[in-house]
Amino acid sequence: MTRNKRVITVGYLGPPGTYSHQAAIQQFKEYESQPNTDVVYKPQKSIGACFTSVQDGAVDYSLVPFENSSNGQVVLTYDLFRDWFTSSASESAKKVVSTDTPRFTVISEQFVPIHHNLITFADDVTKITKIYSHPQVWTQCRRFLAEYELDNNIKVEKLDTSSTSKAVENLLHVSDPEERQKTAAIASSTASEIHNVPIKIPSVEDFSGNTTRFLCLGPDSAYLDQSGHQAALNFTPDTNSGTSNQKMHLLTFLIKRNDDFGSLCDILEKFKKYNLNLQTITTRPSIDKPWQYVFFVEVWDGHEPDALKACLAELEPLVFELSVVGSFYRSRRFFEMLT
Ligand SMILES: O=C(O)C(=O)C[C@]1(C(=O)O)C=C[C@@H](O)C=C1
């Protein structure tokens with residue numbers, strides 16, 4: 001009797017060779033070697049498409065970049081979380097995202113070392129007048145660009161692409177040999193190999209420890225029946241070697257009485273009361289009204305049963321549009337990077 005193979009499908013910002021692709025492999029590689037399991041990586045056109053493909057069930061999981069150790073938040077990803085999890089935002093953003101309730105949640109995180117390279121057919125870097133890369137990259141390579149005078153906007157055009165691997169792919173479409181000598185991309189060594197364009201200068205990132213934190217979106221168990229997804233994999237310390245036993249919760253909300261003195265402080269005190277240790281706090285414009293903000297908060301769980309539930313109940317009168325975007329175990333790499 002032959003047993004059916006389990007197929008795990010994983011979305012990422014394509015084409016192959018992006019850092020998001022690396023994050024997806026890092027998350028799922030231990031499943032690749034399991035008998036009776038196939039992992040199929042599916043490149044997506046945009047980070048937005050990584051969200052919709054999990055929502056629609058076109059893939060089981062998607063990896064999305066969330067923050068970088070040198071230039072901070074990936075605001076596009078934050079705004080997509082806002083648009084999906086805040087109904088007033090999704091009203092305003094109606095044309096951009098679906099207004100359906102999200103059927104996905106954050107189930108895991110991955111830290112990926114980011115080493116950028118100047119990739120080009122050019123022989124002389126000083127002749128370069130056009131560089132392609134993902135917009136997130138420019139401020140991770142500021143020193144390199146200044147050193148080679150590639151930050152001179154009059155002399156050098158910096159052209160944004162949908163991903164770093166796409167930037168290298170663009171070089172293949174430059175057929176004029178003279179133009180090829182003037183054009184470069186900044187991307188990973190994998191992108192250089194995949195597209196077969198040489199690395200001219202390796203490791204052009206400003207900080208050697210440059211790292212991007214990715215979040216893995218997966219099906220929310222509350223919607224499993226409707227979405228047709230198979231049950232979500234559990235990335236716990238027992239099932240996944242990359243996972244620590246430190247549980248995290250990512251929440252989003254808007255403040256109800258913004259004009260009241262101490263209103264944010266009152267909210268944060270609830271986390272303290274329930275031993276939920278505040279790790280990050282980020283705001284993005286609500287887009288519903290000018291100068292109104294959506295808060296994103298990450299807390300460490302103090303491992304007290306029902307603390308989160310009790311805390312959420314006390315937050316309810318102080319905030320609106322409160323959502324748990326995800327509860328997941330902190331990656332071991334986080335702690336390794338601190339030492
Ligand atoms: O373009 C890529 O390779 C991506 O995966 C996107 C992305 C990002 O948006 O932050 C991922 C990691 C790096 O910080 C640069 C770009």
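Analyst: Let us begin with a term: helices (H or I, at least four residues) and strands (E, at least two) are DSSP runs, numbered from the N terminus. In this structure, helix H1 (19-32), strand S3 (61-68) and helix H6 (164-172) each supply at least two residues of the shell around the ligand. The model is predicted: local features need pLDDT of at least 70, side-chain atom pairs count only at pLDDT 80 or more, and totals for chains, interfaces and linings use all residues. Residues are numbered from 1 along each chain as its sequence is written.

User: Which residues come nearest to the ligand?

Analyst: A residue is near a molecule or strand if its C-beta atom, placed from the backbone, lies within 6 Å of it. Around the ligand there are 15 residues, and Thr-18, Ser-20, Pro-65, Ser-163 and Thr-164 come nearest.

User: Is Ser-163 buried or exposed?

Analyst: A residue is buried if 20 or more other C-beta atoms lie within 10 Å of its own, exposed if 12 or fewer, and partly exposed in between; C-beta atoms are placed from the backbone. Ser-163 counts as buried because it has 29 C-beta neighbours inside 10 Å. Ser-163 lies in the loop between strand S8 (157-160) and H6. Neighbours within four places in sequence aside, Ser-163 is in contact with Leu-13, Gly-14, Thr-18 and His-134.

User: Which residues touch the most other members of the largest nonpolar core?

Analyst: In soluble globular proteins, nonpolar side chains tend to be buried together. A nonpolar core is a set of buried Ala, Val, Leu, Ile, Met, Phe, Trp, Tyr and Cys residues joined through C-beta atoms within 7 Å. The largest one here has 52 residues, of which Val-64, Val-106, Phe-214, Cys-216 and Leu-217 touch the most other members. A second, separate core of 19 residues includes Ile-128, Leu-145, Val-168 and Ala-187.

Technical notes. Two residues are in contact if their C-beta atoms, placed from the backbone, lie within 7 Å.
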